[in-house]
Amino acid sequence: MNGSNPQTAAGLARKKLMGYVGFANLPNQVHRKSVRKGFNFTAMVVGESGLGKSTLINTLFNTTLYPRKEPLPPHQERPKTVAIESISADIEENGVRLRLNVVDTPGFGDFVNNDESWKPIVDNIEARFDAYLEQENRVNRSKMQDNRVHACIYFIQPTGHALRPIDIEFMRRLHQKVNLIPVIAKSDTLTDEEILQFKQRVLSDIAYHQIEIFRAPVYENEDEETIAENEEIVNKIPFAVVGSNTEIDTPDGRRVRGRSYPWGVIEVDNEEHCDFVKLRQMLIRTHMEELKEHTNDVLYEKYRSEKLLAMGVAQDHSVFKEVNPAAKMAEERALHEAKLRKMENEMKLVFQQKVAEKEAKLKQSEEELYARHREMRDALEKQRLELEDKRRRLESGRPLTPEKVSSQATKKKGFSLRN
Ligand code: GDP
């Protein structure tokens, strides 16, 4: 062995190459593959109507992903619960394809009683985890579709005071299921001073209620520039955003996306004016992969373990589970058995239902038979009574009506034939 190679703590030897091998090209391979396959990202937007959710999404991706919303006609009733709506779009920039899914939650916080506004949203996030878990348990896992929510942008009303109970309740219910990114909506309605104070209040409320919001992780060995960039982003949370898709002219003759006021122009893409640029940078340029990774490795993993635990499969949270094929097989077998049990129960139910249907049908035919039997019996009885009546009339020598004569003749004919 080469004694000059220092051994690392993990017992790995660092080797010096004697010439070019080619694996330095690995990152490019990964890059090419990703570009070919395209990227997929699902963002959820939550907040009351009119806080600028659709405008912000359109501004973020510089597209009219959201059609213009028409106000509801007065006679049309508003829905009574939080609805979940999903929009997907393939957007392309310099040959790189991004499949963007936006999950909107119209109705959140819009009712008189908003006690359970968070529930349909939690259900939707969990249903997406379930769909992924189900795919993981399939034999063929080559075409996994990831519809899990990778980021939830939560719109806080620009009240300038503090978080409201509905904000706290929502975040408390969701922080361990989704990457929460709080934003102060329509921040152009607050002064710089008010924004600073409001941010501090929001952050202290978040800390007080032990809510975990997404914070860009900082890794060891990261270069200084990246660390500084991350810090700048983290320092802006909760992002004070302004959205606008309209281009306007600034007094100094530039055309910018922004909002115009008598006292001046608020530029969306100007970091001096709002935090929109930082939010976009985090979501799209620097942390999209982190958001997806955190969703998969932490949030989904937690949900998955709890679900399996509830199904009676004990799990080890350490890395050991990942590399222990026996544990993995046991887990898969348990899942498979649970699935079989579910199928068996379903089949039993279907069988019982079919038997009940057949029994009902038989009972119905039986009743029909009885009814027909009764009808025939009544008809025969009627005929017998009529005949008896006729016999009595004949015997008493009373004349018969023509109809009775003919039936009498038939009877006589029958009588003579028989004799
Ligand atoms: P949503 O119901 O949350 O999707 O809200 P919309 O995006 O439909 O916006 C509602 C209204 O607020 C529209 O008239 C927008 O032009 C306006 N709006 C959106 N974003 C902002 C913003 O950042 N500042 C201000 N002042 N108004 C905004």
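How do the residues of the shell around the ligand divide into nonpolar, polar and charged? They divide into 2 nonpolar, 8 polar and 5 charged. Here Ala, Val, Leu, Ile, Met, Phe, Trp, Tyr, Cys and Pro count as nonpolar, Asp, Glu, Lys and Arg as charged, and the others, Gly among them, as polar. The structure is a predicted model, in which local features need pLDDT of at least 70, side-chain atom pairs count only at pLDDT 80 or more, and totals for chains, interfaces and linings use all residues. Residues are numbered from 1 along each chain as its sequence is written.

The protein chain has 11 helices and 9 strands. These are DSSP runs, numbered from the N terminus: helices are H or I with at least four residues, and strands are E with at least two. Of the 419 residues of the chain, 23% count as buried. A residue is buried if 20 or more other C-beta atoms lie within 10 Å of its own, exposed if 12 or fewer, and partly exposed in between, with C-beta atoms placed from the backbone.

Return now to the ligand. Helix α2 supplies the largest share of the shell, 3 residues. Of the 15 residues around the ligand, those that come nearest are G52, K53, S54, T55 and K186. A residue is near a molecule if its C-beta atom, placed from the backbone, lies within 6 Å of it.

Next come the sheets. Two strands pair if DSSP finds at least two bridges between them. Strand β1 (residues 39-46) is parallel to β3 (residues 96-104), with 7 bridges between the two, and T42 stands opposite N101 in β3. β1 also runs parallel to β4, joined to it by 4 bridges; V45 has I153 in β4 as its bridge partner.

β4 is in turn paired with β5 over 5 bridges, in the parallel sense. In this pair, C152 has L180 of β5 as its bridge partner. Together with helix α4 (residues 165-174), β4 and β5 make a right-handed β-α-β unit. Right-handed means that, with the strands pointing away from the viewer, the path from the first strand over the helix to the second runs clockwise.

Why is β4 described as largely enclosed by the rest of the structure? The reason is that 6 of the 6 residues of β4 are buried. Both faces are covered, with A151, I153 and F155 on one side and C152, Y154 and I156 on the other. Strand β4 is also one of the elements against which the buried residues of α7 pack; the others include α2 (53-60), β5 (180-184) and α8 (288-310). In α7 (residues 276-286), the buried residues are F276, K278, L279, R280, M282 and L283.

Another open sheet has 3 strands in the order β7-β8-β9, with antiparallel pairing. β7 (247-249) and β9 (264-267) stand at the edges with a single partner strand each, so one side of each is left without a neighbour in the sheet. β7 and β8 (residues 255-261) are joined by 3 bridges, and R257 in β8 is the bridge partner of E247.

Finally, consider E193, in helix α5 (residues 192-208). E193 counts as exposed because it has 9 C-beta neighbours inside 10 Å.

Conventions. Contact = placed C-beta atoms within 7 Å.
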